[in-house]
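Here are my notes on the rings and the chain contact, as numbered points. Have the viewer open while you read.

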Amino acid sequence: MSKATTLSLWNGVQTILWQEYLLFERRFWRNMASTMVTPLLYLIAFGFGLGRGIRFEGTSYLEFVIPGIVALTTMNGSFNAVATPVNIARMYDKTFEEYLTAPISMLAITSGRILAGALRGLFSGTMMLVLTLLFGVHLKITPLFFLMLFLNCLLFAGFGFWAALTIQSHSDVTKFNSFVINPMSFLCGTFFSLQSIPGPLALFLKILPLTHTTTGLRAIASGQGVPWWNLTALAFFASLFFLLSLRACYQVED
Amino acid sequence: MIVLEHLTKKFDKFTSVDNLSLHIHKGEFFGLLGPNGAGKTTTIRMLMTLARPTSGRIIIDGQDMTRNAPALKAEIGLVPQHINLDNELTPRENLDLHGRLFGIPTKERRERIEELLHFVELEGRADEIVRKFSGGMKRRVLIARALMHRPHILLLDEPTIGLDPMTRRKIWELVRKLNTNGQTVLLTTHYLEEAEALCNRVGLMNKGRLVELGTPEELKIRTGPFVVEIDKGGERRGHFFPTREAGLAFMQQLHHEGHTDPVSLRATHLEDVFIHITEAPPSAIGSLQATREEKQKS
Ligand SMILES: Nc1ncnc2c1ncn2[C@@H]1O[C@H](COP(=O)(O)OP(=O)(O)OP(=O)(O)O)[C@@H](O)[C@H]1O
Ligand SMILES: [Mg+2]
């Protein structure tokens, strides 16, 4: 890449992050409330309600379930930070045109929006972790833990961006939530171990991106070493959705 | 220079722009006119790569316009037909966003924002979110935004719709000034007096096709520079004539034939040309002229 292209890429990404930050600040409490309510309820119901006394896979259920809840919080947070607003910007407000008509590359638009969404997801995940720490749960939160979490955020922000640019009506965002995001929230080893699931289904669930995040985070949090396989799989999915998003950005109309 | 070569846009089976070829010269003030659904907005959207041509080419300053052409996009300012400001941001922030996207350095950006806010008379409300603005105020922000980066080419899709007469005149003055300084302007409008006041040349589109092209004067001469209007039971019909005398003769003839409907003779406006061409299908225009000529002879 030439110096000028790199500069303009950075300029585009930076501008999108600036704009997203303005809006993030402006809607802080509204966003916080809506992204934190569901995971908090899970935490209370499955974690504190069920989990204090129950032992599970050698740890307390609470310690088992928290990486799962953090994973699903970041998934939901990142996906919805991108899918809904970008879809509205594209189909209703038409503000997405402001990017398309600006002298920034499609790479800058894609990177900027996905990065902004991922940071939003990471913020929700971090808030969640802080809350659990306040409740005195002991997990090994290492930089690698955050790296994994961030990969998960990039992945689902990318998925959200791709969805936002390819679907034909806003109600399809809801469909993505009901049929893809929500099932994954429950089934990808978030609340229970996949060992209790029958063979073929477990195999399918093990391929899904969120499963890699939950098992990977759990491995890191309980000090079992680096989950290379999960990291690789997440990096693969994140790249895949990034490329699909980039292509969608070149092709999107209206 | 903007060159459109055999530009066609189809939505499913429906052809919105049909084999449009057009050269807009550097420094020209070009008006693209036509009734609702003629394909003006689609043409402008294709120019800005917001819509992809089904076939044909767009060449701007010798380069093919593509979606990933930052250098070309930096030269163009767009006022879209629909308001696409970020409603959650203030006018100042909307302009700031635009300036940043176009890579304008901070100091210059600040000054330019103040200058434009002053020009569109919104300094007093520059820090309220746009959502709460009136339609005309939003449109003023939209125009200011398009001018932020001092583009060499301006694409204006009904830019003055909903503006009060004073603001409209002010925008006219500004774009005219920009144009005299060498900027190329492509304007679509339904205000024909606006096109007449501003455009060096106009193209008339109907059903996706370019049906007339020329200076406003040429178009008027082609249709007939004088028009006799007859009010018949509330319906007004225009008859065009090459000279004032021919018009007067026609009026006298009507009088002799015993017509009592009110008639009047005046110079043709661009609006008359527009209505004349878009009302009647091309074949009917010929026959209309024939009957008129017959009448004149008899
Ligand atoms: N996204 C789309 N999908 C399907 N048809 C479309 C789409 N956009 C435009 N059209 C059709 O293309 C035709 C031309 O529309 P366009 O908006 O270009 O007209 P226009 O000349 O700008 O009209 P107006 O003066 O009302 O703004 C219309 O019949 C319209 O329905
Ligand atoms: Mg239009």
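1. Which residue forms a salt bridge with Glu97(A)? That would be Arg45(B), with the closest N and O atoms 2.8 Å apart. A salt bridge here is a side-chain nitrogen of Lys or Arg within 4 Å of a carboxyl oxygen of Asp or Glu. By that rule there are five salt bridges across the interface of chain B and chain A.

2. A word on the ground rules. This is a predicted model, where local features need pLDDT of at least 70, side-chain atom pairs count only at pLDDT 80 or more, and totals for chains, interfaces and linings use all residues. Residues are numbered from 1 along each chain as its sequence is written, chains are lettered from A in the order in which they are written, and side-chain values use heavy atoms, with hydrogens and water left out.

3. Back to the interface. Chain B puts 32 residues into the contact and chain A 28 (heavy atoms within 4.5 Å). Together they bury about 2,800 Å², 54% of it on carbon and sulfur atoms; that is accessible area (1.4 Å probe) lost on putting the two parts together, summed over both. On the chain B side, Arg67(B), Arg100(B) and Leu101(B) lose the most area to chain A, together 25% of what that side buries.

4. Arg100(B) turns up again: its charged end sits over the ring of Trp18(A), 3.9 Å from the centre. The test is CZ of Arg or NZ of Lys within 6 Å of the ring centre and within 35 degrees of the ring normal. Within chain B, Arg168(B) lies over the face of Tyr191(B), also at 3.9 Å from the ring centre.

5. Now the rings. Over all chains there are 21 aromatic pairs (Phe, Tyr or Trp six-membered ring centres within 6.5 Å; planes under 30 degrees apart are stacked, over 60 edge-to-face, the rest tilted). Tyr21(A) and Phe24(A) make a tilted one, at 6.2 Å and 40 degrees. Tyr21(A) is partly exposed at 47% relative accessibility, whereas Phe24(A) is buried at 15% (buried is under 20%, exposed over 50%, partly exposed in between; 1.4 Å probe, protein chains only).

6. Phe159(A) and Phe176(A) are edge-to-face because their planes stand at 70 degrees, with centres 5.5 Å apart. Phe159(A) is buried at 8%, and Phe176(A) counts as buried at 18%. Both belong to a cluster linked by ring pairs, along with Phe79(A), Phe156(A), Trp162(A) and Phe241(A).
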